[in-house]
Amino acid sequence: MELSKIIEIVHGAVVSDGGGIDAIDITSVCSADLLSNVLRYGKGGALLVTCLNQPQVIRSAEISDIPAVLLALGAIPETDMISLARDKNIILLTTQLPMYTTCGLLYTAGLRSCVEEL
Amino acid sequence: MTENSPSEGTFHLMGGEFTNAGSASSELKSTLIKVGVEKSIVRRVAIAAFEAEMNVIIHAVAGTLRYEITTEAVTITVTDMGPGIENINQAMQPGYSTAPDWVREMGWGAGMGLPNISKHSDLFKIDSVVGEGTTLEIIFDLKEKNADS
Amino acid sequence: MLTVSAVAEKLGLNVVVKGDMSQIVSGCYISDLLSDVMAHGKDDDLWITLQTHPNVVAVAVIKGISAVILTNERNPEPETIRKAEAEKVTIMVSSLNTFELAGLLYMMLKDDGSVHAGTS
Ligand SMILES: Nc1ncnc2c1ncn2[C@@H]1O[C@H](COP(=O)(O)OP(=O)(O)OP(=O)(O)O)[C@@H](O)[C@H]1O
Ligand SMILES: [Mg+2]
């Protein structure tokens, strides 16, 4: 699903566009606030939905080839998080919706969560 | 860290130093891409290195992350001074974590780091002396592993 | 109106600790951060989380959570089970990940019509 469509669905705002939203096609979603879970199950190309607002979220995304992070519940990203996202070309979005509604809407719209099987 | 070469290098890690946490693994990932290691392997190495790096920052006092890249394998050795691990079998259990509440509030402490390293690597050795520190050796084959994507 | 036991059955959850299974599910909250649930969880919410720590039970009791669902097949720690039994907090485990479970639950609650899923 095009990232711009996702932004529309969750009424999202763009904090950092990672050098371009248009080219990004999201193939799966991973929702978690525990980063080792993201590192284990998040698939390359996924959108990460979380409430964590600190730089290690961006590190985890960068390390596991996740192009975009969506902060739910109106979480305000720390300044360090924003600058790292810019630095690493990771797209950083926010939505006022809680995680549950965010996941529900994206799932209803047809997104699924592919698990990386090792 | 500028003295690191494409084939080997060392990063220094400080316990409790969260500001730059992950920068060693990030730099290692760039190096692996630069020397042309296959994408899926780069991802596995980066994830394992990051978990090991975070464990030093979260659980230990100080440590080093060393890498060596040959045509055959990527080897990562992470050595720390710290409390060590009393029961390695228990520590390897998914979900087992001694991380305090504030670490869990930062997104760590799922008890999945060591199992993740094991899952993502081809060989994983862990040695620990209580009261002294922990050493991990993590190896990734670069040859004949290309079949599984 | 969906009860905890109906949700458990429809989503194929493994009930590890049985509390009041007849409680009505009014909504859902997803978080792996206990402080977040303390701040935002609501009465009768289901709580989907990866946290298996005993403190989960305390938070569930204080916030009046109707049941806790652990995802990715994460099993509660023995101490968590003990506390949940003492406090009669329902704990269930799903083999699905958080996103998929939330998606299925969302569609179910929406179809049920008893909840304004979009505003919870
Ligand atoms: N370098 C280390 N020094 C001392 N203890 C360690 C070290 N690495 C791991 N441990 C111990 O092993 C446990 C399990 O480690 P693991 O990485 O699997 O989980 P975690 O770090 O607690 O959480 P997560 O990795 O999911 O964020 C830790 O909680 C800690 O008790
Ligand atoms: Mg760890």
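**Entry 1: a network in chain A**

I began with a network of salt bridges that links A:Arg59, A:Glu62 and A:Lys88. For a salt bridge I looked for a side-chain nitrogen of Lys or Arg within 4 Å of a carboxyl oxygen of Asp or Glu. This is a predicted model, where local features need pLDDT of at least 70, side-chain atom pairs count only at pLDDT 80 or more, and totals for chains, interfaces and linings use all residues. Residues are numbered from 1 along each chain as its sequence is written, chains are lettered from A and ligands numbered from 1 in the order in which they are written, and side-chain values use heavy atoms, with hydrogens and water left out.

**Entry 2: A:Arg59 and A:Glu62**

I looked up A:Arg59 with A:Glu62 and found their closest N and O atoms 3.4 Å apart. Both sit in helix H3 (residues 55-63) of chain A, 3 residues apart, which means about one helical turn separates them. Helices here are DSSP runs of H or I with at least four residues, strands are runs of E with at least two, and both are numbered from the N terminus.

My cut-offs were under 20% relative accessible area for buried, over 50% for exposed and partly exposed in between (1.4 Å probe, protein chains only).

**Entry 3: on to A:Lys88**

Next I followed A:Glu62 to A:Lys88, a salt bridge of 3.8 Å from N to O. A:Lys88 lies in the loop between helix H4 (79-87) and strand S5 (91-94), so its pairing with A:Glu62 of helix H3 ties together parts of chain A that are 26 residues apart in sequence. I noted A:Lys88 as partly exposed, at 28%.

**Entry 4: a pair in chain B**

In chain B I found B:Arg44 and B:Asp122 in a salt bridge, 3.3 Å from N to O. This pair links distant parts of the chain, 78 residues apart: B:Arg44 is in helix H2 (residues 39-59), and B:Asp122 is in the loop between helix H5 (113-120) and strand S4 (123-129). B:Arg44 is buried at 16%, while B:Asp122 is partly exposed at 25%.

**Entry 5: the whole model**

How many salt bridges are there over all chains? My search of the whole structure gave 9. I also wrote down the model's scores, ipTM 0.94 and pTM 0.94. Chain C averages a pLDDT (the predictor's confidence in each residue, from 0 to 100) of 92, and 93% of its residues score at least 70.
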